[in-house]
Amino acid sequence: LHNAAHVNSFLGYHQLRDGNVMGTVRLLQLLSRFREAHEHVSFVHVSTIGLLGGSGVTDENLVASPSHLPSLSGYAQTKWVAEKIVTSAAASLPWLDTCIVRPGTISGAVTTGACNLRDGVVRLFLGLLKEKKICIEPSTPLPSHFLLCAVDTCALRIVSLLTQSLRIPGFGGKESPGISTILREGRRPQVVHLIGDGTINLNEVASALDGVIHAVHGRSQKLERCSPEALRQAAEKAKGDPSHPMFILADALAGGGFASMSSPSPTTHSHIEAAHKNDADDGAAGPVAAGAIMAPPPGSTRGGARTRAAGSPTAKEPLPRVTGEMIVRMMRWALKHSPPPAKSIVDGATSHD
């Protein structure tokens with residue numbers, strides 16, 4: 001199981017190539033040493049759903065062409081190339097069985113809400129709580145939908161690919177196919193999308209963040225529903241405050257919105273330097289998980305539960321959908337475990353009933 005990666009949405013392809021591309025090559029070379037002792041060697045490569053951005057590909061069985069690569073982050077580009085290397089190895093080495101797993105955005109655990117405090121979605125939500133405002137208008141700079149999957153559910157599904165009989169809570173007692181079944185369907189790697197059964201839309205996120213404030217204060221309060229310009233102004237101020245949760249995301253919010261984050265260089269040199277400093281301080285993998293935030297796709301809606309943004313990826317066996325209640329649990333955990341400045345993020349929130 002190859003689950004290692006240098007995750008950073010702001011570094012370029014060449015800065016991430018050694019870890020994400022050459023690391024995959026080295027592991028495949030290492031597997032060749034096991035060839036004499038085993039009839040088949042299995043290799044499960046954990047990639048990212050983010051490499052499909054802008055490709056028009058949604059199905060697990062379809063292949064994304066390289067024409068969309070210039071619009072991807074450097075991280076997503078390295079994962080696309082790594083997938084091609086795994087695919088090429090599967091075609092040329094008859095003893096090698098391969099599977100590619102593409103997780104969506106990893107969110108907090110179902111039971112505890114435990115999450116990655118460096119993740120882009122978590123930072124965005126913490127920033128909105130700090131600013132005590134959110135824009136849900138059609139022209140909002142925020143994404144209209146989030147393609148999330150709970151970390152514990154995602155981990156269990158990956159483990160289920162490696163074992164024949166592991167039963168996963170929340171899947172109706174069904175047994176997922178084991179690795180020997182999946183890997184030998186053909187010489188092309190089997191591709192598995194690990195995404196929730198429907199996206200969570202911006203209206204649901206707003207209600208969930210209201211619920212966080214209510215849970216902390218114990219009284220009826222909610223975020224201000226502000227204009228796009230008001231949110232951009234708040235993001236502009238965050239650019240000058242490296243301690244602000246939205247600091248790394250401020251350029252996207254203050255500028256063209258999260259659609260601009262599909263660019264390979266969505267942030268300034270000073271922001272990259274700050275990200276590197278933060279990484280050195282806390283040992284985190286990177287400032288933002290690639291593909292962490294979905295830009296509003298054409299034709300997307302802001303409807304109710306179990307909506308899926310137009311053009312978003314699909315899965316044969318989707319994971320349970322992340323709900324507003326799970327977002328509340330995640331953000332309460334994040335507030336509790338964030339550095340001291342973040343613990344007072346929701347203090348002094350004002351009521352807008």
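Start with the largest nonpolar core of this predicted model. This core has 38 residues, and the ones that touch the most other members are Leu124, Phe125, Phe146, Ile327 and Met331. Several elements give two or more residues to the core: helix H3 (120-131), strand S6 (148-150), H6, helix H7 (228-238), helix H8 (250-254) and helix H10 (324-337).

Now let's move to a sheet. Three strands make up an open sheet in the order S1-S2-S7, and their pairing is parallel. Strand S1 (41-46) and strand S7 (190-194) are at the edges, where each has a single partner strand, so one side of each has no neighbour in the sheet. Going from one strand to the next, the twist averages 20 degrees. If you look at S2 and S7 together, you'll find five bridges between them, in the parallel sense. Pick out cysteine 99 and look across to S7: its bridge partner there is glutamine 190.

Which helices pack on this sheet? One is helix H1 (residues 13-31), which touches S1 and S2 and has a direction at about 170 degrees to that of S1. Another is helix H4 (residues 151-162), which touches S1, S2 and S7; the direction of H4 makes about 170 degrees with that of S2.

Back to cysteine 99 for a moment. With a relative accessible area of 0%, cysteine 99 counts as buried, because the cut-off for buried is under 20%. Cysteine 149 is buried too, because its relative accessibility is 0%. Take cysteine 149 as a case: the nearest cysteine sulfur belongs to cysteine 154 and is 4.3 Å away. A disulfide needs the two sulfur atoms within 2.5 Å, so cysteine 149 is in no disulfide.

Salt bridges are another matter, and a search of the whole structure turns up six. One of them joins arginine 102 to glutamate 83, with 2.7 Å between the closest N and O atoms. This pair ties together distant parts of the chain: arginine 102 sits in strand S2 (residues 96-103) and glutamate 83 in helix H2 (residues 74-92), 19 residues apart. Are these two partners buried or exposed? Both arginine 102 and glutamate 83 are buried.

Here is where H6 returns. Arginine 225 forms a salt bridge with aspartate 210, and the closest N and O atoms are 2.7 Å apart. Again the link is between distant parts of the chain, with arginine 225 in strand S9 (residues 224-225) and aspartate 210 in helix H6 (residues 202-217), 15 residues apart. Arginine 225 comes in at 34%, so arginine 225 counts as partly exposed.

One more salt bridge to find: lysine 239 with glutamate 236, where the closest N and O atoms are 3.4 Å apart. Lysine 239 counts as partly exposed because its relative accessibility is 28%, and glutamate 236 is partly exposed as well, at 44%.

Definitions and conventions. Residues are numbered from 1 along each chain as its sequence is written. This is a predicted model: local features need pLDDT of at least 70, side-chain atom pairs count only at pLDDT 80 or more; totals for chains, interfaces and linings use all residues. Side-chain values use heavy atoms; hydrogens and water are left out. A salt bridge is a side-chain nitrogen of Lys or Arg within 4 Å of a carboxyl oxygen of Asp or Glu. Helices (H or I, at least four residues) and strands (E, at least two) are DSSP runs, numbered from the N terminus. Buried means under 20% relative accessible area, exposed over 50%, partly exposed in between (1.4 Å probe, protein chains only). Two strands pair if DSSP finds at least two bridges between them. Axes are lines fitted to C-alpha atoms, for helices over the stretch in contact, and angles run from 0 to 180 degrees between N-to-C directions. Contact means heavy atoms within 4.5 Å. A nonpolar core is a set of buried Ala, Val, Leu, Ile, Met, Phe, Trp, Tyr and Cys residues joined through side-chain atoms within 4.5 Å.
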